[in-house]
Amino acid sequence: MTTPSVSFEFFPPRNLDQSFKLWETANALAPLGPEFVSVTYGAGGTTRQLTHEAVTALASNYGLNVAAHLTCVDASRAETMAIVDDYAAAGVREIVALRGDPPQGADRFAPHPEGFADSVELIEAIAARGGFSIRCGAYPEPHPESPDTSADVEWLKRKVDAGASSAITQFFFDADVYFRFRDACAAEGVTAPIIPGILPIQNWSGAKKFAARCGASVPAWADEAFAKAGAEGERRLAVDMAVNLCRRLIEGGVDRLHFYTVNRPQMTLAVCAGLGIAPQQAKVA
């Protein structure tokens, strides 16, 4: 089995305890030699400054290639592009450009009066500025606001045509979901890599709630398996489930995997170990 390259997603800390967890996670995962790590925005852009601080710290202190998330939420075009300039000055060379979730309390996304209307406009502006590799989001199962998968394929093509060089998918539990989406994108002329997003399950109940919000389907067999596993067997089942999913993806031609770590590295480490991904020279400066 081919060993894939890996990347990891972190979220920015909101307090001192979360700061320690982020740095512990970075210390634990950096030796695996990730292609890049990404840092999320909070819902509605609520962690804009925290994201910037985490990105610059990870890049300068750990020698990691950091991709900063950037959204269109609650900011003018000028404010958003000022953040892009700040990242450039800090040495960041990758951006994950997203529309972003609605601000807290809002049912649907509404563009800022002077802001970008969607992720395509954001990608176009960053590409026109130059100096960045741009990644975007992809939805192998319909986005909660999308009518069907065909619309998501079309939207991804627009983002790639606008300047995105690769896409990272929402998490999913069935490899066939990814393969169908990948093949549909290829049929529409999307040639950019589509990197599958993997969620090592920390807690099955929480994962199901997260899936419901994101539009990810939950296989009946998985629900039954976790019910039978009980508290003691849940971790082992979660690791086996993620390893088996990744193996199927690799067998189907996938050479990159993106892990949603939720700043808790142990499950991601266990899955990587199951795939034969061994620590390299530590990245810590």
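In this report Ala, Val, Leu, Ile, Met, Phe, Trp, Tyr, Cys and Pro count as nonpolar, Asp, Glu, Lys and Arg as charged, and the others, Gly among them, as polar. The structure is a predicted model, in which local features need pLDDT of at least 70 and side-chain atom pairs count only at pLDDT 80 or more, while totals for chains, interfaces and linings use all residues. Residues are numbered from 1 along each chain as its sequence is written, and side-chain values use heavy atoms, with hydrogens and water left out.

**Cavities and a pocket**

Rolling a probe the size of a water molecule over the atoms shows where empty space is left. On a 1 Å grid over the protein atoms alone, a cavity is a set of points where a 1.4 Å probe fits but cannot get out, and a pocket is an open set with protein on both sides within 12 Å along at least five of seven lines; lining residues have an atom within 4 Å of a point. Grid points are joined across faces, edges and corners, and a volume is the space filled by probe spheres set on the points. The structure holds two cavities of 30 Å³ or more.

| Space | Volume | Lining by class |
|---|---|---|
| Largest cavity | about 70 Å³ | nine nonpolar, no polar, no charged residues |
| Second largest cavity | about 40 Å³ | six nonpolar, two polar, one charged residues |
| Second largest pocket | about 160 Å³ | nine nonpolar, one polar, three charged residues |

The largest cavity is lined by Phe171, Phe172, Phe173, Ile198, Leu199, Ile201, Met241, Ala242 and Leu245. Helix H8 (residues 220-251) gives the largest share of this lining, three residues; helices (H or I, at least four residues) and strands (E, at least two) are DSSP runs, numbered from the N terminus. Around the second largest cavity stand Tyr139, Pro140, Glu141, Pro142, Gln170, Phe171, Cys214, Gly215 and Ala216.

Of the 13 residues that line the second largest pocket, Tyr178, Arg182, Pro193, Ile194 and Asp255 lie nearest its centre. Helix H6 (175-187) and strand E7 (194-198) are the elements that give two or more residues to the lining of this pocket.
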